[in-house]
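Please read the numbered points alongside the sequence and the model.

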Amino acid sequence: MVNSATEAQQVLQRLQKGEDFAALAKAKSTDPTADDGGFMGRLDPASLRAELRDVVQGLSPGQLTGVIKIPSGYAILQVIPEEQSTAGIGMSSSQMLPLTGRGSVRYTPDISGAVDMELAFRKVPKPDDWNRDFQAVCETRKRALAMAVQRMEGLLDPNNPEGMAHAKPADVQQAHYALAQFQTYSGNMEAALQHWQAAYRIAESDIPGMVPQMQEILGTAYLHKSEMENDVYREPGDRCIFPPVKSVSYKDTADSETAIQYFTKYLEQKPDDIEVKWLLNLAYMTLGKYPAGVPAKYLISPAAFQSKETIGRFVDVAPAAGLNKFSMAGGTIVDDFDNDGLLDVVTSSYYHCEPLHFFHNNGDGTFTDRAAEAGLANQLGGLNIIQADYDNNGCMDILVPRGAWQFPLRLSLLRNNCDGTFTDVTRESGLGSFFAASQAVVWLDIDNDGFLDLFVGNEQGPSYLFHNRGDGTFEDISHSAGVDRIAVTKGVAAADYDNDGYMDLYVSNLTGNNFLYHNNHDGTFTEVAQQAGVQQPWTSFAAWFFDYDNDGWPDLFVTSYYMSVEETVRTYLGLSHNAETLKLYRNLGNGKFQDVTTQVGLDRVYTPMGSNFGDVDNDGFLDIYLGTGLPTYAALVPNVLLRNHDGKYFVDVTASSGTGELHKGHGVAFADIDNDGDEDLLVEIGGAAPGDAHTFRLFENPGNGNDWITLHLVGVKTNRAAIGARIKVTVENQGHGTRSIYRTVTSGGSFGASPLQQHIGLGKSARILGLEIWWPTSNTRQNFTNVGKNQFLEIKEFAKDYARLERKPYRLGGARREAASVPHPDKTPSQKQ
């Protein structure tokens with residue numbers, strides 16, 4: 001790929017004279033594949049742009065195309081013989097969007113003010129060391145917003161001689177547009193709509209090309225205002241679960257009706273626009289008129305969302321349980337922080353003025369926020385959080401990365417004092433001088449010394465790898481370890497993917513290739529993503545390793561992330577995609593992976609952010625929950641629950657399970673929060689602006705009747721939290737023979753942290769034939785037989801036997817829910833202890 005037709009012809013002539021294609025590509029190409037000699041990997045010609053596809057299909061191996069003009073430049077392609085490729089290699093830098101025709105993605109307009117707010121913040125003067133002081137960050141952001149609003153109001157003031165009284169209509173419209181965005185950011189929708197309307201009037205009179213966009217924006221703004229006026233964000237109930245079980249109308253429908261008017265005006269000009277048709281359907285839903293009241297030509301049928309299987313319907317019990325957090329986007333940890341045998345909940349917030357919340361489990365189905373008592377009230381901001389016992393003292397610590405999507409900040413390492421309080425030891429640990437824009441962190445023991453090391457992905461610079469010295473301090477070994485590549489990193493995961501006894505790393509990037517770092521056993525890593533075939537998607541977000549098919553080899557799941565509501569709706573409608581899909585890579589056991597995305601039914605496009613995995617039906621196969629969304633208020637698409645069907649394919653059970661929250665899903669955790677033998681779903685809901693804050697969701701599992709076992713592993717020579725330890729449970733299910741179920745101790749996905757204790761579903765009528773634990777530091781195995789099912793066990797490294805833990809089940813919501821007489825509609829008790 002080069003920039004001019006003249007240069008392209010010169011390159012073509014050199015190639016025709018026999019010069020090496022790869023060498024010329026490295027020297028001349030502007031395409032990201034240049035470093036790989038232009039190698040794009042194996043691909044289906046159908047995935048190329050039309051002008052490339054037609055030419056390539058007629059070529060034999062070794063032949064060249066002519067010069068082909070595409071929007072990003074002038075391209076020359078060569079087909080290489082099969083033997084010059086390598087089995088398992090995916091496209092390098094890869095499935096480059098200009099080449100694959102992905103430019104036709106219909107991106108959703110931003111209606112949130114989040115981008116405008118970040119630009120305003122960058123311009124405002126800041127005190128020295130502002131990014132070390134969380135309160136200073138908070139106050140500076142408040143000041144930036146106030147100054148931006150004041151400035152725009154001054155420009156639009158007709159009495160201001162330096163204002164816009166004589167400005168061009170386009171400039172005046174832009175000023176109204178910008179002020180509307182700032183008001184939208186704060187949730188001041190009445191004020192925002194005044195300026196959106198002013199911008200719309202200018203478009204009608206002077207900028208007709210802007211009219212359709214303004215109609216979509218106004219429809220979205222009125223729909224958001226309707227949700228706020230009807231308190232949907234604070235008391236959602238089932239009103240924002242899609243598809244709805246029954247029609248429920250908002251009490252005040254005026255704003256929804258206005259939204260319908262604007263969406264309809266838009267569709268009269270562009271009747272095939274999928275995104276606006278979808279928003280129109282949702283607006284009718286708020287009137288209690290979906291689907292019957294939607295004009296037939298614009299209807300998106302609920303049949304497109306129906307589940308083909310059911311695992312029972314989940315119910316949100318967060319309000320009754322006292323998990324009464326109302327917040328923007330944020331992270332979630334579920335774990336036992338005070339060693340009382342009860343799982344607590346810790347949450348963070350994207351809002352830089354909001355502290356961590358520490359919901360202590362009261363043991364009666366309710367929780368109490370003890371953040372202040374725990375010493376966490378001054379820990380502000382942080383889009384994600386993750387737990388680990390980094391100092392091996394038997395108490396779970398907390399790590400808070402910050403700055404994601406924004407600007408580099410310091411992280412916080414919060415040491416658990418084992419008395420219900422935490423101490424910020426970031427500076428003392430040696431981590432205080434490092435800054436990153438990050439939400440992507442993972443704990444792992446890279447050298448099997450029994451102490452957990454820390455990898456921090458960065459969006460605005462090289463990633464970090466900190467080696468735990470074992471004395472409470474860390475050293476930066478990023479460069480010497482070979483993992484300090486620069487990328488916009490959004491997710492990181494760790495696993496021993498080749499079962500050689502050492503943990504490896506996967507790094508998911510928003511733009512460009514993803515990285516797979518193979519552990520060389522000497523404190524260094526080699527990047528092998530291309531050889532392993534796991535570089536895609538080119539635009540990635542969440543990622544994790546899990547053994548989806550229970551063959552004993554960690555597989556790899558990676559989500560794509562495109563800011564397009566339309567692409568998600570196209571998935572439900574069965575239409576072709578213009579964006580990359582999710583990716584599931586099956587581990588072949590030889591250092592390479594096979595892309596089985598289509599084979600298992602995951603060739604779908606969503607907008608996943610927070611997401612995780614667990615076994616919601618206790619069948620022994622790991623399921624997926626995707627928290628979806630974009631910054632814009634128009635991003636109203638269901639979160640997604642995907643059931644793993646016997647390790648063969650995944651089935652969307654969102655509709656039947658009632659977990660399709662339309663608002664933005666972030667930190668996700670799977671946890672048996674009530675000790676009743678099945679995993680519930682805990683989800684941080686909320687967007688990137690204060691005006692898009694939402695209440696927390698706790699979806700209680702309806703139960704399934706399958707067997708299970710929960711294991712709390714305690715390392716002695718291995719790290720105390722047993723991160724990286726592997727579990728194999730051999731079970732016999734009556735009438736279905738013998739099988740093995742595999743788990744590795746982690747907190748799950750890259751955005752949301754499940755408990756480190758491992759809940760393992762066993763299926764129906766199960767008998768445990770054997771339980772094996774492999775400990776990485778000691779490289780020892782424990783084997784137990786005659787293990788009972790449906791119980792909680794603690795297993796210590798080197799111990800001859802296990803200990804049974806008493807874990808009393810309780811009803812979520814406790815007495816408060818009993819008094820309200822709100823039974824679960826179809827609760828099927830899981831098998832009890």
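**Note on a helix pair and the overall fold**

1. Glu216, Thr220 and Leu223 in H9 are in contact with Glu275, Val276, Leu279, Ala283 and Thr286 in H11, contact meaning heavy atoms within 4.5 Å. By class, this contact has 4 nonpolar, 2 polar and 2 charged residues.

2. The model is predicted; local features need pLDDT of at least 70 and side-chain atom pairs count only at pLDDT 80 or more, while totals for chains, interfaces and linings use all residues. Residues are numbered from 1 along each chain as its sequence is written, and side-chain values use heavy atoms, with hydrogens and water left out.

3. Helix H9 spans residues 211-229 and helix H11 residues 274-286; they pack at an angle of about 30°, and their axes lie 11 Å apart. H9 and H11 are therefore roughly parallel to each other (angles under 35 degrees count as such).

4. The secondary structure comprises 17 helices and 44 strands, these being DSSP runs (helices H or I, at least four residues; strands E, at least two).

5. For 833 residues, a compact globule would have a radius of gyration near 28 Å, and the 27 Å of the protein agrees with this (taken over C-alpha atoms; the rule is 2.2 Å times the number of residues to the power 0.38). Along its principal axes, the C-alpha trace spans about 85 × 75 × 60 Å.

6. Of the 833 residues, 63% are buried (under 20% relative accessible area, 1.4 Å probe, protein chains only). Among contacts with a separation of 6 or more, 62% are between residues 24 or more positions apart.

Methods:
Axes are lines fitted to C-alpha atoms, for helices over the stretch in contact, and angles run from 0 to 180 degrees between N-to-C directions. Angles under 35 degrees count as roughly parallel, over 145 as roughly antiparallel, 65 to 115 as roughly perpendicular and the rest as oblique. Ala, Val, Leu, Ile, Met, Phe, Trp, Tyr, Cys and Pro count as nonpolar, Asp, Glu, Lys and Arg as charged, and the others, Gly among them, as polar. Buried means under 20% relative accessible area, exposed over 50%, partly exposed in between (1.4 Å probe, protein chains only).
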